[in-house]
Amino acid sequence: MEDSKIGFDSKCVHAGVEEYEFGPVVPPIYQTSTFKFKSAEHGAALFRGEEEGYIYTRMKNPTVEAMEKAVAHLENGYKALGCGSGMAAIHTAFASLLESGDHVICSKAVYGPTATLLSTIMKKFGVKTDFVHTSGIEEVKNAIKPNTKVIYVETPGNPTLEISDIKEIAELAHQNNILLVVDNTFMSPALQRPLDLGADVVVHSLTKFLNGHADVVGGVIVVKDEEEYNKMRKTLNQLGGVIDPLNAFLVHRGLKTLALRMERHSKSAQKIAEFLENHSQVKWVMYPGLKSHPQYQIGQKQHIDSGGMISFELKGGVDAGRAVMNSVKFCQLAVSLGGVETLIQHPASMTHHSMGKEAREAAGITDGLVRLSVGIENVNDIISDLEQALKKAGETATHHQEELA
Ligand code: LCS
């Protein structure tokens, strides 16, 4: 069937699956580090790039390639590059696109280690970064310098769920000869397609919604054209942060249910966000599907649905938040996100601790912020658990605000 006529849910099932020997309906796992050459001449021709084929798994592997094709297809990209983690993908993209003397504009609300990578390792190699609220186009415009090479946007941002207008930023970037890189981890291509909105490169932590089952660490870079792909592939080959065949297979399997899972994540998260917003102990709730979200209108324009991530703060601050996290029985207290199971965690002392208090405060990551990754369990079970945990927190809250380093 013509590709443009196929629904996204169908694409999730079929993307990246081709014909293989013996006719399996899923790509085989080529768990091999290296591939035999037919002759010395054949090996040499492969290395010269004169013949197509497989040489060594760090360079190319059929199972990894199948997953890469699937992700590229779902993101409407040219090709994708499977990486060993989301951080490996982000680092590889930076290493490929940037050189000493370049300037980066990065969203203030990003996954902690992304901010730390820019402000430590990339800085050590001569790349300077300004962190701004990319939800405001004027702030982005004002941060542009003659040497700005990349605008890096995570939207919705981790963990504040600040939403940035990809189309508007892409236009601004291109007027100034700047590349726009978007971390699409929180939404996945089921809910947001940054390349269609004008972004140049998309990165993902595959560990999250794309794999969806909390059993793989992986990352991916999706690019728009052949030139960018060749450059990025060379960098990845040299840095070496590739995904292995078994993990690529598992991610590819996870992708088949992406559309279904994102639908359920979004439906349940909307209900839970509304429950929290109406709860007397809750100070504020941030969820892209709530009208109270400051960038609700941008979200409505660029999201297909509102996703599975919620952040909130209790009136009792850090202590009350901790009490909730220690009282849940059904939701699990763990970092990471995007899996089928509901997870709860505390960014200031966990995922965003490495940023330091000052950067967290500037990004709006308050000490009391609690983050919820809504799973695909029965939503009533999640709400009942939160209800009992909030009740317990209300009974034990001391209302004193602990200071975090
Ligand atoms: N981008 C985003 C938006 C993320 O949330 C994460 C990880 C990464 C990139 C890095 O991916 P990784 O290397 O872990 O595959 N976020 C995490 C989180 O919020 N809790 O634990 C990991």
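I started with the ligand: the space taken by it is the second largest pocket. I note that this is a predicted model.

**Ligand shell**

I listed the residues around the ligand and got 18. Met87, Asp183, Ser205, Thr207 and Arg371 come nearest. I sorted the shell by class: five residues are nonpolar, nine polar and four charged. Domain 1 (8-255) and domain 2 (258-404) each supply at least three residues to the shell.

At Ser336 I found a polar backbone atom 2.9 Å from a nitrogen atom of the ligand. Next I looked up how much of the ligand is covered. The protein buries 93% of the 480 Å² that the ligand exposes when taken alone.

I went through the loop between strand 4 (148-154) and helix 7 (166-175), where Pro156 sits. The peptide bond from Thr155 to Pro156 is cis, and its omega is near -10 degrees. Pro159 is in the loop between strand 4 and helix 7 as well. Asn158 and Pro159 are joined by a cis peptide bond, with omega about 0 degrees.

My last stop was Phe22, in the loop between helix 1 (8-14) and helix 2 (40-48). Its phi is positive, near 75 degrees, and the residue is not a glycine.

Notes: Residues are numbered from 1 along each chain as its sequence is written. This is a predicted model: local features need pLDDT of at least 70, side-chain atom pairs count only at pLDDT 80 or more; totals for chains, interfaces and linings use all residues. Side-chain values use heavy atoms; hydrogens and water are left out. A residue is near a molecule or strand if one of its heavy atoms lies within 4 Å of it. A polar contact is a pair of N or O atoms within 3.5 Å; within protein, one must be able to donate a hydrogen and the other to accept it, and residues adjacent in sequence count only if both atoms are side-chain atoms. Accessible areas come from the Shrake-Rupley method with a 1.4 Å probe; for residues, only the protein chains shown count as cover. On a 1 Å grid over the protein atoms alone, a cavity is a set of points where a 1.4 Å probe fits but cannot get out, and a pocket is an open set with protein on both sides within 12 Å along at least five of seven lines; lining residues have an atom within 4 Å of a point. A molecule sits in a cavity or pocket if more than half of its atoms lie within 2 Å of its grid points. Ala, Val, Leu, Ile, Met, Phe, Trp, Tyr, Cys and Pro count as nonpolar, Asp, Glu, Lys and Arg as charged, and the others, Gly among them, as polar. Domain bounds come from an automatic or database domain assignment. Helices (H or I, at least four residues) and strands (E, at least two) are DSSP runs, numbered from the N terminus.
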